[in-house]
Amino acid sequence: MDFEYTPKVKDMQARLLAFMDEHIYPNEQRFFDEIAENRAKGNAWLPTKIVEELKPLARKAGLWNLFLPKSKRAPEGLTNLEYAPLCEIMGRVPFAAEIFNCSAPDTGNMETLERYASEEIKDRWMEPLLKGEIRSAFLMTEPAVASSDATNIECEIRREGDEYVLNGRKWWSSGAGDPRCAVYIVMGKTNPDAPRHSQQSMIVVPANTPGIKVLRALSVFGYDDAPHGHMEVLLENVRVPVGNMLLGEGRGFEIAQGRLGPGRIHHCMRSIGAAERALELMCKRLNSRVAFGREVARQSVWQERVAEARCMIEQARLLTLKAAYMMDTVGNKVAKAEIAMIKIVAPNMACQIIDWAIQAHGGGGVSQDFPLAYAYAHQRTLRLADGPDEVHRNSLAKLEYARHMTLPGEVDMPITRGS
Ligand SMILES: Cc1cc2nc3c(=O)[nH]c(=O)nc-3n(C[C@H](O)[C@H](O)[C@H](O)COP(=O)(O)OP(=O)(O)OC[C@H]3O[C@@H](n4cnc5c(N)ncnc54)[C@H](O)[C@@H]3O)c2cc1C
C-alpha cells in the first residue's frame, strides 16, 4: 500500500483548502445566523442563501461530486482513496460537504441509484441529484422496531397491479425536512413469509406522493439541524409504479449492505476532519490562557491529551485509508472488516478529542461561540447512525473468531499473524 497522495489529489487538496479559506470559514457564522433569522421569522426549514451561492463556485472550481467512483454520469468522481483526504477537509465545517454536492444522505442515495436503479429512474432522480438541484432522504429506521437489525423493518410494501402500496412509520429520516428534498429511498417488507434476509425491499418514492406526511423533526441534544432535519414520516397508502422497485423484491437487505459501506467511510473521513479541527482549536486555546501562574498548555495533563489526540487521529486516518484502498481494490464485501473497524474507531476517536477540546475551552466550549458543542453532538450520533458500535463490534468479532476456528479434521495449530 502506498499512501502518498497522487499529484492530482495534492492539487485538489490545495484547491479545496483555498476554497475553504476563501469561502467557507468566513461564512460559517453567516450560515448559522441565516438559520436563526429564518427561525425568528417563523420558518427555519428553508435552504440557506449562503450554501446556494457557494455551490456554483465549487462546481466552477472543479470541486463537485467527488465522492462517486466509476460512474459514467459523474466522470469527476474519485476513487475512495483519492476522495478520503478531500472528504476529511470538508468534515471540518458541518455544512461544507453540501457545497461540493458531497453530503449525506444524498451521496449514499446517489450511490444506491447508480448501482441498483433502472436507467429511467437514474434519468429522473439521479441527474437532478448530481446537479445539486434536489435533495433526498433514506427511510429505513422505524420507531416501533430495533432497526439496527434491518430484518426487523416492517413498513408494508404490497403489490397491487402495476403499483406498490406502502404503509408504515419511519423516523430519523435525515434531510426530509428540507423543502428541496424531492425523493426518498424507502425500505419495507414485501414478503413476510420469505426467508429472513429476503423479506425486505427498497423502493424509490417521490416525496410529494399523496399519503406521505412529514410529522415532526427529532432533535439531537436539542439541535433540530434545520433546514436538513431528521424527520418522523408517516406513509399511508402511498402508491408508486412497480418500476420504482430497486434491484427486485426481497433484495433490500443486500442493497442496505452495499449502500452503507461507502456512506460509512465518508462519515469516518469527515470525523477525522472534525477531530483535526478540534485539536487545532484546543492547542490554540491552551496556548492563549494562563491559569494558576502558567499557560494551561504547559500543564502536563494537557500535554498528555494533546499527544494522545495526535496519535488517535493518525491511527484513525491510516485505518480509514486502508479501508478506502481495500474498497477500491478488492471491493466493499472483502473490505467489510476494515469498514466495521473504522466505523467503530473514527466517531469514538472524534468524540473523545472534541470532548477534550470542550474541556480546554472551559464554559466557552459548550457555548455557541465555538463549533465544538455542535460538532460533539454530531459525532456522538455517528456511534448510532449507520449501525451502533456494538453491531459493528459483533460483526468484527465474528470475523475474528472465524480466523481462529478449527474445522473438523484440521489439526489445531497456532495461527501465525497475517494468516
Ligand atoms: C442523527 C441521526 C441520523 C440518522 N439518519 C438516518 C437516516 O437518514 N435514515 C435512517 O433510516 N436512519 C437514520 N438514523 C437511524 C439510525 O441508523 C438508527 O438509530 C440505528 O441504526 C439504530 O437503530 P435503532 O435506533 O432502532 O436502535 P436499536 O436497534 O433499538 O438499538 C438500540 C441499542 O441496542 C444496542 N444493540 C443493538 N443491537 C445490538 C447487538 N447486536 N449487540 C449489542 N447491542 C446491540 C445498541 O447499543 C443500540 O444502540 C439516524 C440516527 C441518528 C441519531
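The model is predicted, with local features requiring pLDDT of at least 70 and side-chain atom pairs counted only at pLDDT 80 or more, while totals for chains, interfaces and linings use all residues. Residues are numbered from 1 along each chain as its sequence is written, and side-chain values use heavy atoms, with hydrogens and water left out.

Two residue pairs are in polar contact between domain 2 and domain 3, both at pLDDT 80 or more. A polar contact is a pair of N or O atoms within 3.5 Å; within protein, one atom must be able to donate a hydrogen and the other to accept it, and residues adjacent in sequence count only if both atoms are side-chain atoms. On the side of domain 2 that touches domain 3, nine residues are nonpolar, four polar and one charged. Here Ala, Val, Leu, Ile, Met, Phe, Trp, Tyr, Cys and Pro count as nonpolar, Asp, Glu, Lys and Arg as charged, and the others, Gly among them, as polar. The two domains bury about 1,200 Å² between them, 78% of it on carbon and sulfur atoms. Buried area is the accessible area (1.4 Å probe) that two parts lose on being put together, summed over both. In domain 2, 14 residues are in contact (heavy atoms within 4.5 Å) with twelve residues of domain 3.

The salt-bridge count for the protein comes to 38. Glutamate 98 pairs with arginine 135, the closest N and O atoms being 3.4 Å apart. Glutamate 98 lies in helix H5 (residues 96–99) and arginine 135 in strand E1 (residues 135–139), so this pair ties together parts 37 residues apart in sequence. Helices (H or I, at least four residues) and strands (E, at least two) are DSSP runs, numbered from the N terminus. Glutamate 98 is buried at 13% relative accessible area. Arginine 135 is also buried, at 5%. Buried means under 20% relative accessible area, exposed over 50%, and partly exposed in between (1.4 Å probe, protein chains only).

Arginine 135 also bridges to aspartate 106, at 2.6 Å between the closest N and O atoms. Both residues of this pair are buried. Glu98, Asp106 and Arg135 belong to a salt-bridge network that also includes Glu52, Lys55, Asp178 and Arg180.

A further salt bridge joins arginine 317 and glutamate 276 at 2.8 Å, N to O. Arginine 317 sits in helix H9 (residues 300–329) and glutamate 276 in helix H8 (residues 252–288), 41 residues apart. Both are buried.

Terms used: A salt bridge is a side-chain nitrogen of Lys or Arg within 4 Å of a carboxyl oxygen of Asp or Glu.
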